Amino acid sequence: MNTQEIVAKLWNLCNVLRDDGITYHQYVTELTYILFLKMAKETGSEVNIPAGYRWDDLAEKDGLPLKKFYKELLQHLGENSTGRIREIYQGAASNIDEPNNLKKIITSIDELDWYSAKEEELGNLYEGLLEKNANEKKSGAGQYFTPRVLIDVMTKLVKPQVGERCNDPACGTFGFMISAFMYVKKHSNDFMDCDSDQAAFEYNEAFTGCELVHDTHRLALMNAMLHDINGKITLGDTLSEAGKSLKDYDVVLTNPPFGTKRGGERASRDDLTFLTSNKQLNFLQHIYRSLKNDGKARAAVVLPDNVLFADGDGEKIRCDLLDKCNLHTILRLPTGIFYAQGVKTNVLFFTRGKTDKGNTQEVWFYDLRTNMPSFGKTNPLKSADFDDFIKAYEAEDRTKVADERWQKFTREEIAANGNTLDLGLIKDDSIIDYEDLPDPVESAENAADELEEAVDLLRAVVQELKAL
């Protein structure tokens with residue numbers, strides 16, 4: 001049994017809970033509580049779980065005693081355990097009201113092919129479950145789940161390295177940092193040869209994040225743990241005072257939440273120069289300020305179109321970004337890749353300069369949006385869809401790339417255009433080009449001439465008929 005089959009079985013268990021009125025997202029959270037205990041048993045790490053509150057203690061019970069013990073277990077692990085276990089279970093509460101449903105889930109999990117699951121890696125299994133949840137529109141989880149292929153492309157181009165500090169200030173389920181961790185492991189020859197101190201840094205400090213939503217934070221902790229990542233994942237709001245300590249990073253990879261702050265209030269950070277109610281603009285400020293100003297620290301950020309053209313503080317923030325960083329590339333993403341079909345997004349790639357002025361000389365745009373197929377559940381985004389963009393991005397001489405989707409704008413051209421970055425889109429073949437149509441005035445004059453000729457011809461015919 002492969003990971004996909006196990007994920008499908010786990011997902012189908014959600015049908016058991018429908019009578020309890022449990023949502024998909026609640027189900028994934030509930031499943032996390034139970035899966036954690038089973039995975040701890042399968043991996044031999046139960047020693048970290050307090051005795052009397054382990055998998056076998058839960059699996060042996062039935063009926064009302066099971067329901068009572070399960071709630072007691074959640075509370076005990078959230079209050080009396082330590083480390084990651086306490087973080088995962090802190091504030092945990094069950095939404096399962098029917099003991100038979102709870103027993104069904106426990107039994108079904110126990111009967112899974114855990115040997116195959118471990119061979120396929122438990123982290124992959126859990127990420128598959130999170131992706132399934134994100135693709136289910138009714139769960140609403142797509143708002144914090146970035147397509148895996150996009151995450152991996154961004155990571156591949158940013159190229160995190162051994163010894164670098166990586167962060168996601170809006171980490172969701174921690175997908176970006178897991179991708180960065182896997183990239184470093186795969187592409188750094190000295191990763192496995194690290195001395196003990198370096199290895200400890202990679203596993204315990206190098207990959208960190210911050211997440212505002214408690215249940216999502218819980219999923220991020222579980223996801224990180226199953227990938228052997230122990231870096232700090234803060235439960236909090238990056239745009240509050242708590243976010244001021246998130247700084248001096250070598251790499252930032254993120255997809256901040258869309259929208260405005262609740263009630264339209266502005267961010268409460270006193271270290272951001274331009275405070276707006278627009279979350280993405282505030283996150284953008286935080287991100288480029290959180291990078292080391294060493295000329296090497298870099299970021300890749302998913303942002304909606306409004307960030308590219310918003311006026312007022314939006315323009316000021318873009319100018320600040322263009323000054324402090326080298327904003328070298330903007331990828332115009334296709335629509336339909338996030339749960340909200342109409343959302344138009346982009347990836348901004350930039351490197352923090354050593355100084356705060358004049359770092360952007362030119363910006364290259366790649367249009368992966370116009371004249372592209374419609375993406376969605378039936379036609380998901382694939383890694384091959386990014387191949388041409390990656391070639392252009394990594395070209396030794398970008399000016400020699402022969403691709404109509406690839407365009408350059410200088411800083412002067414951007415300034416002359418009102419400092420908008422809503423640029424780089426090619427001609428849409430589905431839209432009528434009115435320049436190619438005949439001039440309407442000229443067409444009307446020609447039609448009038450033709451009509452007059454026809455009338456003259458008709459008169460002549462009439463005259464001839466009268467003469468007969």
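**View 1. The salt bridge between R369 and D305.** In this predicted model, the side chains of R369 and D305 meet in a salt bridge with an N to O distance of 2.8 Å. A salt bridge here is a side-chain nitrogen of Lys or Arg within 4 Å of a carboxyl oxygen of Asp or Glu. The pair links distant parts of the chain, 64 residues apart: R369 is in the loop between β8 and α16 (387-394), and D305 is in the loop between β5 and α14. Helices (H or I, at least four residues) and strands (E, at least two) are DSSP runs, numbered from the N terminus. R369 and D305 are both buried; buried means under 20% relative accessible area, exposed over 50%, and partly exposed in between (1.4 Å probe, protein chains only).

**View 2. The salt bridge between R332 and D305.** The closest N and O atoms of R332 and D305 are 3.4 Å apart. R332 belongs to strand β6 and D305 to the loop between β5 and α14 (306-309), 27 residues apart. Why does R332 count as buried? Its relative accessibility is 0%. D305 is buried because its relative accessible area is 11%. D305, R332, R369 and D422 are linked in a network of salt bridges.

**View 3. The salt bridge between D385 and K382.** Here the closest N and O atoms are 3.9 Å apart. K382 has a relative accessible area of 41%, so this residue is partly exposed. The structure holds 23 salt bridges. Side chains of opposite charge can pair when their charged atoms come close.

**View 4. The open sheet of 9 strands.** The strand order is β3-β2-β1-β4-β5-β7-β6-β8-β9, with mixed pairing. Two strands pair if DSSP finds at least two bridges between them. The edge strands, β3 (233-235) and β9 (406-410), each pair on one side only. Strand β2 (residues 207-211) pairs with β3 in the parallel sense over 3 bridges. The bridge partner of G209 in β3 is I233.

**View 5. Helices α13 and α15 on the sheet.** Helix α13 (residues 279-290) lies across β4 (251-254), β5 (298-304), β6 (325-332) and β7 (345-352), and runs at about 175 degrees to β5. Axes are lines fitted to C-alpha atoms, for helices over the stretch in contact (heavy atoms within 4.5 Å), and angles run from 0 to 180 degrees between N-to-C directions.

**Notes.** Residues are numbered from 1 along each chain as its sequence is written, and side-chain values use heavy atoms, with hydrogens and water left out. Local features need pLDDT of at least 70, and side-chain atom pairs count only at pLDDT 80 or more, while totals for chains, interfaces and linings use all residues.
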